Structure formats: structure tokens, C-alpha cells
Amino acid sequence: MPPVVWTPKYRYKVLRGKIRERIRTIVRQVCKEMGVTIVSGVLSTNHVHMFVEIPPHIAVSYFMQRIKGRSSRKIQQEFPELKKRYWGQRFWARGYFCTTSGNITDDIILQYLEQHSDKD
């Protein structure tokens with residue numbers, strides 16, 4: 001069960017209101033299609049934390065490619081006002097953070113996610 005974290009480009013605090021709700025919906029759709037279980041997740045204004053169970057036949061990189069690609073495309077189509085801030089075709093920053101939960105227990109990760117709040 002890897003925890004994954006990714007951010008919008010330039011770490012702008014744009015994950016609010018309707019954009020936030022739409023990203024949540026898109027991420028849930030992609031996870032359901034791929035058979036990925038969301039154990040826990042936090043959507044802050046400038047980053048996303050998820051603790052997921054990814055089937056062994058799916059690479060984490062492929063999962064992230066699908067999540068970030070589909071959400072970026074749909075968000076930019078549905079919210080044209082973002083084009084002023086995000087010129088080009090990318091909503092998310094390059095890369096993501098992922099680690100295995102082997103060095104620490106799953107309970108510690110879940111506890112962190114529960115206590116994680118937006119301090120901005």
C-alpha cells in the first residue's frame with residue numbers, strides 16, 4: 001500500500017471549491033476503473049495525499065500517469081479560467097512522491113493523513 005503525493009504546477013493553491021470537488025470525483029473514477037482502493041486521502045489547497053492499494057499487475061507510475069493525465073485534461077477543459085495561470089497543457093507539477101509503507105506501519109500513515117490539515 002503506497003502513499004502517494006503530488007502537487008499542482010507551481011504549487012498554486014487552486015484546489016478549492018468546484019475544482020477541488022471535480023478532482024476528487026475524477027480521482028475516484030480512475031481508481032474505480034483501475035481496481036485501485038483508496039484507503040485514505042487528503043486534498044489540500046496545494047497538494048494531494050493518497051494512501052492506496054494498487055493491484056500488483058499495475059505499476060505505480062502507470063497509475064499516476066492515468067490520475068494526473070485525466071484530471072489535468074478534464075480540469076483544464078471544464079475550468080477555462082485556469083488557462084491564464086497554467087499556460088501549456090499541464091495542470092500538475094512534474095513527478096510525484098511515492099514510498100512503500102514497509103519502514104513505517106500503515107497505522108502511522110493513516111494517523112498522519114487523519115491529522116493532516118491545511119495550515120495555509
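Mentor: We will go from the overall fold to the sheet, and then to the aromatic residues. Keep in mind that this is a predicted model.

Trainee: How many helices and strands does the chain have?

Mentor: There are three helices and four strands. Read from the N terminus, their order is β-α-β-β-α-β-α. The chain has 120 residues, and 43% of them are buried.

Trainee: How are the strands arranged in the sheet?

Mentor: Start with the general idea. Strands in a sheet pair through backbone hydrogen bonds, and the pairing is either parallel or antiparallel. Here the four strands make an open sheet with antiparallel pairing, in the order β2-β3-β1-β4. At the edges are β2 (37-43) and β4, each of which pairs on one side only.

Trainee: How many bridges join β2 to β3?

Mentor: Six bridges join β2 to β3. One of the pairings is between threonine 37 and glutamate 53, its bridge partner in β3. The two strands form a hairpin, with four residues between them.

Trainee: And how many bridges join β1 to strand β3?

Mentor: Four bridges join β1 to β3, which covers residues 48-53, and the two run antiparallel. For valine 4, the bridge partner in β3 is methionine 50.

Trainee: What does β1 have on the β4 side?

Mentor: Two bridges join β1 to β4, again antiparallel. Valine 5 has phenylalanine 97 as its bridge partner in β4, and valine 4 has cysteine 98 as its bridge partner in that strand.

Trainee: Is β3 enclosed or open to the outside?

Mentor: To judge that, count the buried residues in the strand. Five of the six residues of β3 are buried, so this strand is largely enclosed by the rest of the structure.

Trainee: Now the aromatic residues. How many aromatic pairs are there?

Mentor: The structure holds six aromatic pairs. One of them is stacked: tyrosine 10 with tyrosine 86, 6.5 Å centre to centre and with 10° between the planes. Tyrosine 10 is in the loop between β1 (3-6) and α1 (17-34), and tyrosine 86 is in the loop between α2 (60-78) and β4 (97-98), so this pair ties together parts that are 76 residues apart in sequence.

Trainee: Are those two tyrosines buried or exposed?

Mentor: Take the cut-off first: a residue is buried under 20% relative accessible area, exposed over 50%, and partly exposed in between. Tyrosine 10 has 43% relative accessibility, so it counts as partly exposed. Tyrosine 86 has 1%, so it counts as buried.

Trainee: What does an edge-to-face pair look like here?

Mentor: Phenylalanine 91 and tryptophan 92 form one, at 4.8 Å centre to centre and with 80° between the planes. Phenylalanine 91 is buried, at 0% relative accessibility. Tryptophan 92 is buried too, with a relative accessible area of 4%.

Trainee: Which residues do the ring pairs link into a cluster?

Mentor: The cluster consists of Trp6, Tyr10, Tyr12, Tyr86, Phe91 and Trp92. Its member tyrosine 12 also has a charged neighbour: arginine 85 lies over the face of that ring, 4.3 Å from the ring centre.

Trainee: Which residues form the nonpolar patch on the surface?

Mentor: Tyr10, Tyr12 and Trp87 form it, with about 360 Å² of accessible area together.

Trainee: What should I note about the backbone of tyrosine 10?

Mentor: Look at phi. Tyrosine 10 is not a glycine, yet its phi is positive, at about 60°. Arginine 11 also has a positive phi, near 55°, and is likewise a residue other than glycine. Arginine 11 is placed in the loop between β1 and α1, where tyrosine 10 is found. With a relative accessible area of 44%, arginine 11 is partly exposed.

Terms used: Residues numbered from 1 in each chain as written. Predicted model: local features only at pLDDT ≥ 70, side-chain atom pairs only at ≥ 80, totals over all residues. Heavy atoms only, no water. Phe/Tyr/Trp six-rings, centres within 6.5 Å; stacked < 30°, edge-to-face > 60°. Buried < 20%, exposed > 50% of the residue type's maximum accessible area, 1.4 Å probe, protein only. Lys NZ or Arg CZ within 6 Å of the ring centre and 35° of its normal. Patch = residues over 30% accessible without salt bridge, like charges linked within 9 Å, V, L, I, M, F, W, Y side chains within 5 Å. Areas by Shrake-Rupley, 256 points an atom, 1.4 Å probe, with all protein chains shown as cover. Salt bridge = Lys/Arg side-chain N within 4 Å of Asp/Glu carboxyl O. Pairing = 2+ DSSP bridges.
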